[in-house]
Structures are given as C-alpha cells and as structure tokens.
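Have a look at the model first, then read on.

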Amino acid sequence: MSVTLRSLETAVPATALRQETVRNVLAAQPDLSRLGKRLVSTAFDSSGIEHRYSALTEWEGSPDEGEPVFFEAGTGRFLNPTTGARNRVYEREATRLYTQVAREALAAADGIEAADVTHVITVSCTGFFAPGPDYRIVRDLDLDPSVQRYHLGFMGCYAALPALRQAQTICRADPEAVVIVASVELCTLHVRTSNDPDTIVGSSLFADGAAGAVITGKELPATSALLRIDHFETVLTPVGEEAMAWNIGDNGFEMVLGTYVPHIIDEHITGALAPLLAHDPSLAERPYREIPHWAIHPGGRSILDKVEAKLALEAAQLVPARETLRDYGNMSSATVLFVLKAILEAARPGAEEQVCSMAFGPGLTVETALLTAIGAPANEQR
C-alpha cells in the first residue's frame, strides 16, 4: 500500500533576526578574544544565511516581564542563564508552535478530521518537559484521548526522517491509521558566547522553527500536492562521532558542529546513498542529477557545496535547500521539512517526480529517503 504525506505546514517564532545584527552583537561581547571576534565575523559572513527567527523576545528590547534572562538589549550583553531557565522558555514557546503546526497541518489535510487521528509523533532536541508536546497536541486539538503518542528526542538534525519512517511503518501496519508528525526546535535558547571555533560555527547557523505533517495510507481525494513516502535508509559513517554532538550542560545544551563535518560528508555521501538507491536498481546506474528533486538538510553552506559538487547536481536542484538556509537558518530537525515544503509548493500539476532527501546528525548519522512529489490535479489547484 502507498503511504502519503497529505499536508505539510511550517511556522517560525515572531522575532526576526538579521544575520549581520547577530554577528555584530556576538562580536562585541567582552569575553571574546581578538581571535574569537575574527572567527565570529568569518563564520557569520560565510554562513549563507540572511535571516533567522528566535523564540526569545529579548532581542527586540525589554522582556515581557521582569529582568532580562538571555540578552540585555540596553548594553548588548549576552547573559548566561541556567539550563533550567532556558528549558522553561522552551516549554512555553515550543508548546505554542507544536499545537500551531499540528492544527494547521490537520486543517490542510483533505478528507481528514481530528476524530480520524490515531497517532501523534513529536520531534525535538532542544528541550524536555512532561507531559510533553505529544500530550499537548492531543489535548489542544481535542483529539481522542486514546491516540497513541511517541516522542523522538535528542536525535539532532536528522530526526524528522526517522519520524516520517515511523509514521510509514504505522500506516502500513494499520490501513486506517492517520499520523500527525510535528517537529519543533528552539535552538537559539542555547546560544552562548565562546572563543571555541565549533561553538561559534553553531551560533552562526542555528535558528528556531517548526513543521507539522499528516500522514496516512487511506485513499482520499486531494486538491493540493502530496508526497508519497517510498523508502528510507540509515547509514553511520566510519568517522565523525566527535565532529557533531549535542550535550546537556549547566548553562544550556552545548552544540558541537565541527568544521570537518563537510569533509566527512564529501568522503562518505555516495556510500550513504547506495543502500537507498538500491531500492530502485535503475537509479543506481544513472547520474544523481537525473533524480529531479533533492531535499538536503542545509546544515550549512559548505555542506550544501560539498553535496552539490560530489553528486554533480545542477545548481537548481539545491535551490530549495539554499533558500531555506538563507531565509531561516539551520532549525535542526525541522529544516528538511521546510525544504520538502518548498519542493511540494513547486510541484507541477498532475506530475509525479522523485525526491531524494538527506539529513545529517550526531554519529555521524546520515538519514536518507526516497519520496515522490505528486502535483495537484490540474483543475483542482488551490
């Protein structure tokens, strides 16, 4: 049976940040060394990012109430709140985004109502609380209390693809299943000043965003583009365990995004793709560029450069990923869903075109997926 993603919605917090503004603030922190200041300028200017979004309203001035916790706008000074203080903001702001994207995805899924939902899968690596976001979605959307709930936590940037794979597994086992997948990442809650090059790279890239999808195997009419979920594979590269990591510290989660990551991807990307393309033997014998669409997680500009060069892709095939990076930054697990949404929005009416998706995360883990973008019926576009 075919399992289909029937809607995909995205959202970002209200606070918009221009990349040069954040660069200037970080470079002006008094605890940075002269080398640290130069590294900030280099990392931010070469990031390929113009805008990011943050759940922190303190960037825009005074906090809603009380003293500033993260950022003192008057002095331009970064503060260093505890992990608990950061997580309290996560619980409040992530809940809003989870319920927003889940509600919007459900409303956009033709022929599916709240009463039809059987499973909820939530994804995040930037905070924890219980009852968690899966619970809040069930309560706030008035879903059946018997809905089965799962949370994929602390997997990093690749986690949206395992969530889609789990949804596919559920739907294949139960033809009546309807699964909501929701990813929310508030990476900017964990930004901190440092002279460490890997920390500076992370601060130049990470952002906040959310995405929600509805997946089912039910045969239903559609008036908008759909995404058929075909195959998944997971590969661990033989090196890179220390190059990408995500640890819990006393003052926030500590991101490690090593500058060697693009080189690891360059060396191992073709091997990581081989098991996925083996599902369709004809693909293994053709140039990679003959797959029309590539939904690559834009972990950074250098990663996209390596993927494009190593696979000899056309520049146009990386546009959805590059534009997502430019306009939103790296929103960890939610990012690849933004890229897939851009591909769906451009789907040709009535056409079916293959999509290869890749996301990278701690391990170094490479998650891959083969999907099919199905354009809306020509006379029913909306």
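Predicted model: local features only at pLDDT ≥ 70, side-chain atom pairs only at ≥ 80, totals over all residues.

Residues are numbered from 1 along each chain as its sequence is written, and side-chain values use heavy atoms, with hydrogens and water left out.

**The sheet**

Strand 13 and strand 14 (residues 352–361) run parallel and are joined by four bridges. Strands here are DSSP runs of E with at least two residues, helices are runs of H or I with at least four, and both are numbered from the N terminus. Two strands pair if DSSP finds at least two bridges between them.

Both strands belong to an open sheet of nine strands, ordered 7-6-8-9-1-10-15-14-13 with mixed pairing. Strand 7 (148–153) and strand 13 (293–296) each have a single partner strand, so one side of each has no neighbour in the sheet. On average, neighbouring strands of this sheet are turned by 25° against each other, direction ignored.

Helix 4 (residues 133–140) packs on the sheet and touches strand 6 (119–124), strand 7 and strand 8 (178–186). The direction of helix 4 makes about 135° with that of strand 6. Such angles run from 0 to 180 degrees between N-to-C directions, using lines fitted to C-alpha atoms, for helices over the stretch in contact.

**Two threonines**

Thr99 is in helix 3 (residues 83–108), while Thr237 sits in the loop between strand 10 (226–236) and strand 11 (244–249). Buried means under 20% relative accessible area, with a 1.4 Å probe and protein chains only.

| Residue | Relative accessibility | Backbone oxygen reached by side chain |
|---|---|---|
| Thr99 | 8%, buried | Thr95, 3.0 Å |
| Thr237 | 9%, buried | Val239, 2.5 Å |

Leaving out residues up to four places away in sequence, Thr99 touches Arg136, Ile137, Asp140 and Leu141; contact means heavy atoms within 4.5 Å. With its neighbours within four places set aside, Thr237 is in contact with Ile264, His268, Leu364 and Val366.

**The annotated span**

An unreviewed UniProt entry annotates residues 236–374 as "domain: Chalcone/stilbene synthase C-terminal"; such annotations may be inferred rather than shown by experiment. That span is 37% helix and 27% strand, and its end C-alpha atoms lie 31 Å apart.

Conventions:
Buried < 20%, exposed > 50% of the residue type's maximum accessible area, 1.4 Å probe, protein only. Polar contact = N/O pair within 3.5 Å; in protein donor to acceptor, adjacent residues only side chain to side chain.
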